[in-house]
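Dear colleague,

As promised, I am handing over the structure for you to look at alongside your own notes. Please open it first and keep it beside you while you read the rest of this message.

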Amino acid sequence: MLEFFRRARRLQQEILGINVRNRDFVYPLNHRRYFPSVNDKLLAKQILSEQGLPVPRTLWVGQNHADLDSLDAVLDNTPEFVIKPAQGSGGRGIRIMEQAGEGRFLDSHASGPGLSREDVQAHIADILAGVYSLEKLTDRAYLEERLRPDRVLGQLTPSGLPDIRVLMHRGWPVMAMARIPTRSSGGRANLHQGAIGLGIEMRTGQTTHAIVKNKVLKTHPDTGQALPRVTIPYWERILDYSRQAAHCFNLGYLGIDVAIDQQQGPLILELNARPGLSIQLANQQGLVAKLYSGRQAA
Amino acid sequence: MRGRDKLLIIILVGVCFALVFYRIHMFGFSAAGLLPQRHYELLLNMTFDGHDEKVRLRVALPFETDRQKVRNEFFGAPEIPFRLKHQAGNRWGVWERDEVRGRHSVVYSSMVRTEARRFKLPEVLPRPGPYATELQAALLSAKHIQSESKDIRNLYASLVLPEQRDNLAAIVRAVYQHTQQTVKSVKLKGTTDALTCLRLGEASCGGKSRLFVALCRTAGIPSRLVGGLIMKNGTWRSSHIWAEAWLAGRWIPFCPLNGYFAEIPAHYLTLYYGDHSLFTHTRDINFRYFFHGKTVLAPPAEALRDIRSQPAGLLNLWSAFEQVRIPLNLLKIILMIPFGALIVVLARNVAGIPTFGTFMPALLAVAFRDTGLLWGLILFASILIFGGGVRFALERFQLLHTPRLAVILTSTVLFMMGVTALGVATGQILATRVSLFPIVILTLTVERAAIITEEEGLRQAGLVALGTMLVVTVAYALMSWEILQVIVVTFPETLLLVVAVFFVVGRWAGIRWSEYLRFREFFFSGRNPHA
């Protein structure tokens, strides 16, 4: 019993909870005025590429229904692509598609007969109607090039694109984790959908612990094999991009998602002004000491 | 917490108590005598069809007793002459007219206040001398109360030992024990007399109470049936019968069906004494009726009179509102909404329970006032399931967002009409009180639940639905807590305390309960490679 309270107390002292994150970091460091610049991924991409930072290529942007007319040409000429809502969060509304011939498209992470062109258009119409952006009534939809994971992180996932979440505090990286899609996450790298979180040692870029759905893992949930410790490729460059990206936005508490493409190397996928807290579990380390000490990890 | 937060909280609490203190002190209103009390709004609705012949309808109406007050009575039947008939302590409403044609409806409504009464019977209660003449009738065998019959005499002889037959308390205890426990409780239609009840060994309220009265009369204790209603929120048709025995110089209540010994609970409304019918009417008029009840807080009648003659009454908010005809009940609903918000705030920021929408649980709790909690939850869950089904079926039509929402909304409306029709058809009229149910909010919830199902799985959607229902339940319980309602209606400044709590939670830095669960691996493992 005493042990129970001792541990509860340790948790209270070390773990950053949602209340404190919002009260002491998100509200004071992230002015609401600057939220749109990261909440709208298209806007964020524009700001990043203006600063010379690498982002995935945008193939098509739709703002209203009339834009769907110009979609056909893109669909005809692109073997694979990703559909995204500009203001979605938590991976909502993202679909990774590839041509399956005869005017049909396969959702890379869903089984079944695939989607017709009308299904694809209906999904984009839903995005435009703001279905996936909970706070807005309308949204923009866009098509993006599909990235291919590099060998090191790609070996850890059957499908989907792993990415690296770097948590930035006042312009400095404080904690990071790799997010590996699994079968149950449907190819998406979001932890709440079942992706694996791998803690990363900030100095070396070596992965440490692994979690899935708040539980510590030893083996891969899809293959059952031991999860190898890997060193994140381009680690120094990822940290460097993260620092540069953080300087482009007036936000003091920020999650930056970086993917590593086979050919292009690290690319910034998106930014998050309310980054999640599971990163502490993946690293088996609380954020409180790191954020309040003023001492930065890298 | 920073200094300015503390200061503001202290100011809020201070102003609240200062206002309460000031009003109690300066205007000297003794809170206890003036606090609103629980009343029931009673509505009796009757309809019948006339066939050009005479129609007579007699109904037992509530009267005042030492535990029962009746006011604001209304007798509505524009075309049927009405009169009151007082007879042997009972009060009958009689509607009577020659040559009645077509369908008519008769409405009676009033505001009643009933109190609980509990009597302590002594261990030994000797037989008194001869009873007064007016009690003699309460000793006689009657058509449905066959106290002279052999079977009932034999039952009495087996229940009460010869040496106990002069102790009235022991007799009543044995008789009550038998009718309450040995005789099984079942639902029976029509009139069950004492003898039938004895032979069947099971009965509903009427049979049990008649057997109780018959046994008492066999024992020589004056006793009688009492007819009335069990008051509640909602709509119902059944009336209730219990019994009274004359002990130690007064009538003492017993309810062998619901297990009240020398006790009558607050929600029993007395309508008549004796073995009568609640309704008597001309044959073949297709007579139908239902009762509707609703608890309301109302100032006691005496208080209202006092306060109107005092200028200080203006400081009494509810009395002021009553004078401009804004019902206390509406005021109460409005004043309780912040408490619903309080539960939502605690659930989100302290417990971390996921819900659909921020204040939706509080709004649902308000809406559930009309349906009752259980029906509200059932309705909420079935609308979620039904709406989810509709949305799933709509998927293949690929409708645009807003028209799709409108289809779900319309199906929700139709579904609720269906539930209402079903309720009327099956006699479960409770479900008909859904008029205020927030259809639009529910539609948005259906959409949100569908997206959560699609993106995060049915399990997660189910969890959020459960979380919502839990928060609604707690909010509903707090908002319908009568003591709190009385306090808030009398002293609305207590809402400043609620605001103070919002400030405390708003600056609270603790870990949410759900986060202990979320970080349990950290909690239990104790592993910390960097420590």
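This is a predicted model: local features need pLDDT of at least 70, side-chain atom pairs count only at pLDDT 80 or more; totals for chains, interfaces and linings use all residues.

Residues are numbered from 1 along each chain as its sequence is written, chains are lettered from A and ligands numbered from 1 in the order in which they are written, and side-chain values use heavy atoms, with hydrogens and water left out.

**Chain A overall**

The secondary structure of chain A amounts to 10 helices and 13 strands, where helices (H or I, at least four residues) and strands (E, at least two) are DSSP runs numbered from the N terminus. Chain A has 298 residues, and 58% of them count as buried, a word that here means under 20% relative accessible area, with exposed meaning over 50% and partly exposed lying in between (1.4 Å probe, protein chains only). Among the contacts in chain A with a separation of 6 or more, 60% come from residues 24 or more positions apart, a contact being heavy atoms within 4.5 Å.

**The interface between the chains**

The contact between the two chains draws 43 residues from chain A and 33 residues from chain B. About 3,800 Å² is buried between chain B and chain A, and carbon and sulfur atoms give 53% of this area; buried area is the accessible area (1.4 Å probe) that two parts lose on being put together, summed over both.

Between chain B and chain A the count is one salt bridge, defined as a side-chain nitrogen of Lys or Arg within 4 Å of a carboxyl oxygen of Asp or Glu. In a salt bridge across the two chains, the side chain of B:Arg404 meets that of A:Asp126 at 3.3 Å, N to O. Eight residue pairs are in polar contact across the interface of chain B and chain A, both residues being at pLDDT 80 or more; a polar contact is a pair of N or O atoms within 3.5 Å, and within protein one must be able to donate a hydrogen and the other to accept it, while residues adjacent in sequence count only if both atoms are side-chain atoms.

On the side of chain B that touches chain A, the elements giving two or more residues are α13 (401-426), α14 (439-456), α18 (513-518) and α19 (520-525) of chain B. Of these, α19(B) gives the most, with six residues. By class, this side of chain B has 12 nonpolar, nine polar and 12 charged residues, with Ala, Val, Leu, Ile, Met, Phe, Trp, Tyr, Cys and Pro counted as nonpolar, Asp, Glu, Lys and Arg as charged, and the others, Gly among them, as polar.

**Salt bridges within the chains**

Over all chains, the structure holds 35 salt bridges. In chain A, A:Asp40 forms one with A:Arg140, with the closest N and O atoms 3.3 Å apart. This pair links distant parts of the chain, as A:Asp40 is in the loop between α3 and α4 of chain A and A:Arg140 is in the loop between α6 (117-128) and β6 (141-145) of chain A, 100 residues apart. A:Asp40 counts as buried at 10% relative accessibility, whereas A:Arg140 counts as partly exposed at 24%. Leaving aside neighbours within four places in sequence, A:Asp40 is in contact with A:Ala86, A:Gln87 and A:Arg140.

In chain B, the side chains of B:Glu482 and B:Arg38 meet in a salt bridge (2.9 Å, N to O). B:Glu482 lies in helix α16 (residues 482-490) of chain B and B:Arg38 in strand β1 (residues 37-60) of chain B, so the pair ties together parts that are 444 residues apart in sequence. B:Glu482 is partly exposed, with a relative accessible area of 25%, and B:Arg38 is partly exposed as well, at 36%. A network of salt bridges links B:Asp66, B:Arg113, B:Glu115, B:Arg117 and B:Arg250.

**A covered strand in chain B**

Strand β8 (residues 223-230) of chain B is mostly covered, seven of its eight residues being buried. Six bridges join β8(B) to strand β10 (residues 240-247) of chain B, and the two run antiparallel; strands pair if DSSP finds at least two bridges between them. Five bridges join β8(B) to strand β13 (residues 268-273) of chain B, again antiparallel. B:Gly228 stands opposite B:His240 in β10(B) and has B:Thr270 as its bridge partner in β13(B).

With best regards
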